[in-house]
Amino acid sequence: SIRFSPQERGSLREPSLSSFVEPEAGEFASVTIKTSDGLSFTAHRSKDWQPSKKPTIVFYHGFPENEYSFVRYMSHFSNLGFNVISPPRRGYQPSFIPSDGDYTLKTCANEVIALLEQTGLTVPGACVHLVGHDWGSLVAQAAVRYKPELFRSLTMVAVPDLKKFAV
C-alpha cells in the first residue's frame, strides 16, 4: 500500500483539481493511443517510463476537467518514483470525437484498457493504480470491473459507487 508522511499528505491538498496547469516544456512525454473504433488520443506520461519496474498511477479526469487537471499531482508522484499518465476523456481532443456519438461506459472503459495495453502496463510486474475524478470515476470503475486483474487499486474522487446508478 502507499503511505505518505503528514508533509506529503499536506502537499497533495493544494491545488484543487479545477486549477488547470499545463506541464512545463519537456516535463512529460506524449504517447498516442489508437482506439478500436479508429479514433486516437494523446496522453501525457512520465519521461522515465518503466512499466514493469515502477508502480504506475493513471489519472482519469472528469467533467469539466481535462488531461491537464492532474499535472501537479503527476509531477509530485513522478518525483516520488512513480510512472504517471493522464489521458483525455473521449470527446476532449479533435481526433477523439466519435462520429456515432458513442460515449457509453463500456466503450470508454475499453479505452482505459487500450491505454494500458499500448503503454506496456499489462506486462507481468506492472502495478497500476487508477485514479478517477467525477465522471472519470465512473469510467475508471467500469474499467476495473471489466479487467480487475490489470489494476492494483482504484481511487474514486467525488462520485458515488457505480451500483448506485443501476436501476
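This report describes the fold, the strand pairing and the nonpolar cores of a predicted protein model.

## Overall fold

The protein contains four helices and six strands. Along the sequence, these elements follow the pattern α-β-β-β-α-β-α-β-α-β.

Of the 167 residues, 49% count as buried. The protein exposes about 8700 Å², and carbon and sulfur atoms supply 53% of that area. Among contacts between residues at least 6 apart in sequence, 69% join residues at least 24 apart.

## The β1–β2 hairpin

Strands β1 and β2 form a hairpin, with five residues between them. In the turn, G38 has a positive phi of about 90°.

The pairing of β1 with β2 is antiparallel and runs over seven bridges.

## The largest nonpolar core

The largest nonpolar core is made up of 27 residues. Two or more of its residues come from each of these elements: β1 (28-34), β2 (40-46), β3 (56-60), α3 (105-118), β5 (128-133) and α4 (135-146). Helix α3 gives the largest share, seven residues.

V58, L130 and F151 have the most contacts inside the core. Setting aside neighbours within four places in sequence, F151 is in contact with V112, I113, L116, V128, L130, A143 and V144.

## A second core

A separate core has twelve residues. Among them are I57, V71, Y73 and F77.

Terms used:
Residues numbered from 1 in each chain as written. Predicted model: local features only at pLDDT ≥ 70, side-chain atom pairs only at ≥ 80, totals over all residues. Heavy atoms only, no water. Core = buried A, V, L, I, M, F, W, Y, C linked by side-chain atoms within 4.5 Å. Buried < 20%, exposed > 50% of the residue type's maximum accessible area, 1.4 Å probe, protein only. Contact = heavy atoms within 4.5 Å. Pairing = 2+ DSSP bridges. Areas by Shrake-Rupley, 256 points an atom, 1.4 Å probe, with all protein chains shown as cover.
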